[in-house]
Each structure stands twice: as C-alpha cells, then as structure tokens.
Amino acid sequence: MSLQKKAISGFIWTGLEQFGAQAISLAVSIILARILLPSDFGLIGMIIIFIALGKSLMDAGLSQSLIRSQNPDHLDYSTVFFFNLCASAVIYLFVFIAAPQIAQFYEQPILTNILRWYGIVFIFNALGNIQQTRIIKRLEFRSLFKISIPAIITGGIVGIIMAFKGYGVWSLVVSAIVQATIQAALLWFFGKWKPTMVFSKLKFKEHFSYGYKLTLSGLIDVVYNNSYAVLIGKFFSINELGYFTRANTLKQVPVQNVGTVLNKVTFPLFAEIQNDNIKLKGAYQKIMQIVLFAIAPLLLISAALAEPLFRFLLTEKWLPAVPYYQILCWAGILYPINAYNLNVLKVKGRSDLFLKLELIKKGIGAIIIFGTFAYGVTALLIGSVFISIIAFFVNSYYTAKFIKYSAFEQLKDIVPTILISAISALAIWKIDQLVKDVLVYDLIRLLVLGLLGIILYVILIRLFQPKVYKGAIEIVKNK
C-alpha cells in the first residue's frame, strides 16, 4: 500500500474510532452532567492530575520508542510489557498510600476512596498498552475502532445506570474502571500477541534512553496542563472546578480528537519517511493545513453559540461555564499544530530537544499562570491563550532547522484559515444576538446558525484559500 493510501486509510479508521468514541463519550457525559452536580465533576477534576501522572510514568515513553523503531522483535515487546506491568503496580501502590494526604490537601475526605478505586485503571492500561502499540505500529486502525467503541458503550451504560440510582461521583469512577477493563480484554483478543517470560536489559536500556526524555516531557506537560484544575480546586470553589472541567472537556471534543487522530496516524507515518526531509515537510504542511481547516471553524463557531449549546446539552445549571468555554476554544486552536511540530523531533529521534522545548515552554507558562490566577479563573484562562501562541513559536524552532519549515512559513499557511473562521464566527454571533428573541428554542438556534456558519466558512475558504479547500475535498473523495 502506498504512503498516501496508508495515510488516508489511517485517517478514516482512526477518525471513525476517535470521533465515534468521542460521540458516545460526549453523549454519556451529557446525560451524566444533566443528572449529576457540578461538584461531582469537580471531585474528579481534583484527582485527574494524579491519574494522568500515573499513566505517563507507567509507560516511560517506551511505547513511543517501539513505534519509532524500524523492526522491533518479540524480545522488545516482552521487555516493555513487563516493565509497564511492574511500573503500574508500583504507581498504584504509591497512589493508594498517598490518597489520604491528597484528600487532606483539597479538604475533601471522599477523595481517599475515590483515588484508591480510580487508580485500578493503571493496571488495566498496562495490560493493554503493548497490544495497542503493536496495532498502531502496523497501522491497523480498524481494530482500534472495534476495541474502543464497545468499551466506551459498556462503561457509559454502567455510569448512567449508577447515576440514575443516585450514586453521584461513584458513577464516574466505576464507569472509568469498567471501560478500562473491557478495553484491555478486547486489546488482548484483537492483538493476538502473547508475552514470554523474558526481559532484556539491553533492549530496555535502548528504549528507555529514547523514551525517558519523552516521559519527563510528558510529566511536565501533565503537571502544567492540570495546574489549572489544581489551582481552581484549591483556591476557588468545587463548583468552579466543575464548570472549568466541563468547559474544558467540551472544548477537547474537536481539539483532542482531531489531534489524537492525526498523532496516531502521523507519528508512525512520519517515522516511515523520517530520513526524507522534503517528503516530511510536504506531508506535514498538508496535514497541518487540513487540520486547521476542520478544527478552527468547529471551535470558533461553537464558541459563538456557546450559550444555547450549553443550555441545550447540559441545562441551565451549567451556564456559568460558557465564558470559560469561549476562552478555551481560542486557546485550543493551535494545540494540534504544536503537537505536530513536536512530532518532527520525535521521528528524528531528538527526544533531548523535545524535553528542552518542554522545559522552556512550561517555564514561561508557569510564570503566566501564577501571574494571572490571583485575578480569577477568567484571567487564568485568558493567560492560556497567550501561552498557546508562545508555545507555537517555541515548538516551531527546530522544525525550521530539521525540515526547513519555519514559524513564518507556518503562519502564512494557517493564519488565513484562522481569520476566516473568526470572521464566520463573529458574523454568526452578531446574527444570533439579533434573532435570539425570535428563535427561542436552543436547538433551532444551534441548527440554523450552526449550518449558516459552516456555509459562510466554506464559501470564504473556497474564495480565499482554494488550495486548502481542494486538499480537504481530495481527502473526502479518496476515502
């Protein structure tokens, strides 16, 4: 299969898996949000940093090293599998012991039991990690679709039933555990790989020397990204954290999903052409333009219609989250672009530079975070918009050196699309202000104005960015 066909097939199946999974997750979370209280989501928001840290430490970047490696063998996979399994057990034990201190920090005693139960997902994630890595390595994204959808549906159904029966925050905890369990079981069923009791110190050292820098980068990223939840949970109310968590989750639907789809496909794809800088630049440039074509209008038009969107999906009790969502949408636009700039370093094997950039960005980001949080949650989130812009210039520094694709060239490719999206969103917001007393039903407002916004965006992009428009149409035709 040619590189282009692999890319298109990968995008389609990863897209189906990611967006299908997220459509179901979103539906489940909407139902749960309508039943549960903002404080229930706030409690989960308080512990999510520890869950994310545990997941990063468990793998130590070794699966990324396996994907990048040209011909990993059974010994490679078994070595990483047993490391992941042992690491997950140690991490769970640490979380179990530390849970009372974490609960005391937030002054929420219930967090002790929540953490001790939620931490079980570490074990199941470790069990399925290598199976998933092998599937991604072979670009068998159809199998991932068959794995993630049943797991999410089962976990979601369990969570909804428990929420209706009045279990509150435990609905969210048990739902996550069930989903992780089903996913691990299906990964073994479809993965068809069995480890043997072997462990190579040489293989471990080889993968660890590449992966530990990515892990350190990941840990810094986790601490930094979740610092918002920690600060809001500690210094503001639990309801404020619930509003932030829900706004951020909704924003992540387009941001993380488009980013995850492209990262799953582009990293192994870029790894195949890692030594051809011309091909690498061409592939990266095209992918970057296409992702902005999809993500910028989704974020900005949804931000323009955030009030009816939140009221329709989540009910009136979640309206305080609207301004948070609108700010976060602007912060999310450059997220996938930043990820792809860093992917260039990963495929080039320069995890040392990856770590260096993370330290620089997070240092700048920490200054902005601690300089803004005293002025309230809104100021804190506005600061995140500026941080994403700064991160773009930092991340693109080495992309210019390795594949001759500078920040200035990238801006020439992406700024027109962002401006067209912003113009379309502003027009829709203005129209919404004029007709909201006429279109009194939120669903009607969303359907009519959302469709109008998309039509306006497509017309403008076709007129002023014909190459981007044609590239998107090409992908649809070649599905």
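Which residues line the second largest pocket? In this predicted model, the lining is made up of Trp-330, Ile-333, Leu-334, Val-385, Ser-388, Ile-389, Phe-392, Phe-393, Leu-411, Ile-414, Val-415 and Ile-418. The volume of this second largest pocket is about 190 Å³. Two elements give two or more residues to the lining: α16 (377-403) and α17 (407-435). The greatest share comes from α16, with five residues. By class, the lining holds 11 nonpolar residues, one polar residue and no charged residue.

Helix α16 also packs against helix α14 (residues 335-347). The two axes cross at roughly 30° and come within 9 Å. Angles under 35 degrees count as roughly parallel, so α14 is roughly parallel to α16. Their crossing is left-handed. On the α14 side, the contact uses Ile-337, Asn-338, Asn-341, Leu-342, Val-344 and Leu-345. On the α16 side, the partners are Ser-388, Ala-391, Phe-392, Asn-395, Ser-396, Tyr-398, Thr-399, Phe-402 and Ile-403. This contact has nine nonpolar and six polar residues, and no charged ones.

Helix α12 contributes Ala-306, Glu-307, Leu-309 and Phe-310 to the contact. Helix α13 contributes Val-322, Tyr-325 and Gln-326. Five of these contact residues are nonpolar, one is polar and one is charged.

The remaining pair joins helix α4 (residues 74-106) and helix α9 (residues 201-235). Their axes are 14 Å apart, and the packing angle is about 25°. With under 35 degrees as the cut-off for roughly parallel, α4 is therefore roughly parallel to α9. The crossing of α4 and α9 is right-handed. From α4, the contact draws on Leu-75, Asp-76, Thr-79, Val-80, Phe-83, Phe-105 and Tyr-106. From α9, Lys-203, Phe-204, His-207, Val-230, Gly-233 and Lys-234 take part. The class count for this contact is seven nonpolar, three polar and three charged residues. The charged residues include Asp-76 of α4 and Lys-203 of α9.

Conventions:
Residues numbered from 1 in each chain as written. Predicted model: local features only at pLDDT ≥ 70, side-chain atom pairs only at ≥ 80, totals over all residues. Heavy atoms only, no water. Contact = heavy atoms within 4.5 Å. Helix = DSSP H or I, 4+ residues; strand = E, 2+ residues; numbered from the N terminus. 1 Å grid on protein atoms, 1.4 Å probe; cavity = no way out; pocket = protein on both sides within 12 Å on 5 of 7 lines; lining within 4 Å. Points joined across faces, edges and corners; volume = space filled by probe spheres on them. Axes fitted to C-alpha atoms, helices over the stretch in contact; angles between N-to-C directions. Parallel < 35°, antiparallel > 145°, perpendicular 65-115°, else oblique. Left-handed = near helix turned anticlockwise from the far one by under 90°.
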